[in-house]
Amino acid sequence: MTDGVGRQVNYLRISVTDRCNERCVYCLPPDFTAWKPREDILTYEEILEVARVAAKLGVRHFRITGGEPLVRRDLVPFLADLAQIDGVESLSITTNATLLAPLAEPLRQAGVGRLNVSLDSLDPQAYQQMTGGKLADALDGLDAAKEAGFTNIKLNTVLIRGRNEDQLLPLAEFAAEHDFALRFIELMPVSLTEMLDESNFLPLGEAKQRLEQDDELLPLASGAPAGNGPAAYYRLRKRGTIIGLIGAMTNLHFCDQCNKMRLTCEGQLRPCLGNHLETDLKPVLRPSVDPAALEQLIRHHHLLKPSEHIFRDNYQPDRVMTAIGG
């Protein structure tokens, strides 16, 4: 599928739940309780029907997200079924890794090839303050993933001034030690616009300067870790760490090569994270699936994909990130 500005759309991020066992400060308001009713959440079979049609239309890369996807029951058999769909070339998961330790080996056996792990700090107290979770659980999950044979693991760090700017080099050294790629991500107004004030926002340019005070960043024109995201990749010369920079707010060409759509846990197909456009797929999935109508909706939906996000235009999120899918 090719969208209205000539970009190939071959990547679908699927949220399987809006629940999460952490409460990151940039993602969930502290008093948020408006979870989707269970009857509104797509069943695994409904998600598989969407994936089958998407793969038929040329989608090749699938990423499972949440909320935290590992909180949903029976995830592993679903992933095994998804991996077997004709046309699926890669299957990956975004997770906070705190529940990963007992699931790493089953996930690998089910066909998951890549892991993106949210890791905002290596300081236990700062990690708890930013996420509400325990750093030790996330590190146990990462150890289990390595033991299970995952070789494509990326760490995702959301930059927040005053919270984790002192973690740039410790995270780079940790990633080098374990052969992980490390990606720094600018704050976006995905859940809470107030997080974007000057006291919190740390632009990638400043983070890059901080890294370069201690090491040299060498651009990677090729050889970047396999993936389907918008990161610009570098290698730290002394440490060898592969660093990805994801700057939706300061990179004016951020959307030029975007190839993705999102499926929310309750069945909304969303062509852009930073836009409110959505298409409800439930009418062609319930009470029984209509494959022809589903294909028509997906074909129509990808043409709605805007040329760029509207995060810089006083964007006001209409729901939290866990409801959209990471």
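This is a predicted model: local features need pLDDT of at least 70, side-chain atom pairs count only at pLDDT 80 or more; totals for chains, interfaces and linings use all residues.
**Exercise 1. Classify the packing of α1 against α8, and describe the residues in the contact.**

Step 1. Locate the helices. Helix α1 covers residues 44-56, and helix α8 covers residues 291-302.

Step 2. Take the geometry. The two pack at an angle of about 60°, and their axes are 10 Å apart.

Step 3. Classify the angle. Because of that angle, α1 is oblique to α8. Roughly perpendicular would need 65 to 115 degrees.

Step 4. The crossing of α1 past α8 is right-handed.

Step 5. List the contact. From α1 come E49, V50, V53, A54 and K56; from α8 come P291, L294, E295 and I298.

Step 6. The contact of α1 with α8 has 6 nonpolar residues, 3 charged ones and no polar ones.

**Exercise 2. Decide whether K282 is buried or exposed, and find what its side chain reaches.**

Step 1. K282 sits in the loop between β12 (279-280) and α8.

Step 2. Apply the cut-off. Buried means under 20% relative accessible area. K282 has 17%, so it counts as buried.

Step 3. Follow the side chain. The side chain of K282 comes to 2.8 Å from the backbone oxygen of E266.

Step 4. List the other neighbours. Leaving out residues up to four places away in sequence, K282 touches D40, L42, E266 and G267.

**Exercise 3. Describe the setting of G111.**

Step 1. G111 belongs to the loop between α3 (104-110) and β4 (114-118).

Step 2. Its relative accessibility is 35%, so G111 counts as partly exposed.

Step 3. Setting aside neighbours within four places in sequence, G111 contacts A83 and L91.

Step 4. Compare two separations. G111 and T33 lie 78 residues apart in sequence, and their C-alpha atoms are 33 Å apart.

**Exercise 4. Where are the cis peptide bonds G66 to G67 and R286 to P287?**

Step 1. Most peptide bonds are trans.

Step 2. The bond from G66 to G67 is cis, with omega near 15°. G67 is in the loop between β2 (61-65) and α2.

Step 3. The bond joining R286 and P287 is also cis, with omega about 5°. P287 is in the loop between β12 and α8.

**Exercise 5. Which loops hold A97 and D179, and is each residue buried or exposed?**

Step 1. Recall the background. Most residues other than glycine have a negative phi.

Step 2. Take A97. Its phi is positive, about 70°, though A97 is not a glycine. A97 lies in the loop between β3 (90-95) and α3. Its relative accessible area is 0%, so A97 is buried.

Step 3. Take D179. Its phi is also positive, near 60°. D179 lies in the loop between α6 (168-178) and β6 (181-185). With 63% relative accessibility, D179 counts as exposed.

Notes:
Residues are numbered from 1 along each chain as its sequence is written. Side-chain values use heavy atoms; hydrogens and water are left out. Axes are lines fitted to C-alpha atoms, for helices over the stretch in contact, and angles run from 0 to 180 degrees between N-to-C directions. Helices (H or I, at least four residues) and strands (E, at least two) are DSSP runs, numbered from the N terminus. Angles under 35 degrees count as roughly parallel, over 145 as roughly antiparallel, 65 to 115 as roughly perpendicular and the rest as oblique. A crossing is left-handed if the near helix is turned anticlockwise from the far one by less than a right angle, and right-handed if clockwise. Contact means heavy atoms within 4.5 Å. Ala, Val, Leu, Ile, Met, Phe, Trp, Tyr, Cys and Pro count as nonpolar, Asp, Glu, Lys and Arg as charged, and the others, Gly among them, as polar. Buried means under 20% relative accessible area, exposed over 50%, partly exposed in between (1.4 Å probe, protein chains only). A polar contact is a pair of N or O atoms within 3.5 Å; within protein, one must be able to donate a hydrogen and the other to accept it, and residues adjacent in sequence count only if both atoms are side-chain atoms.
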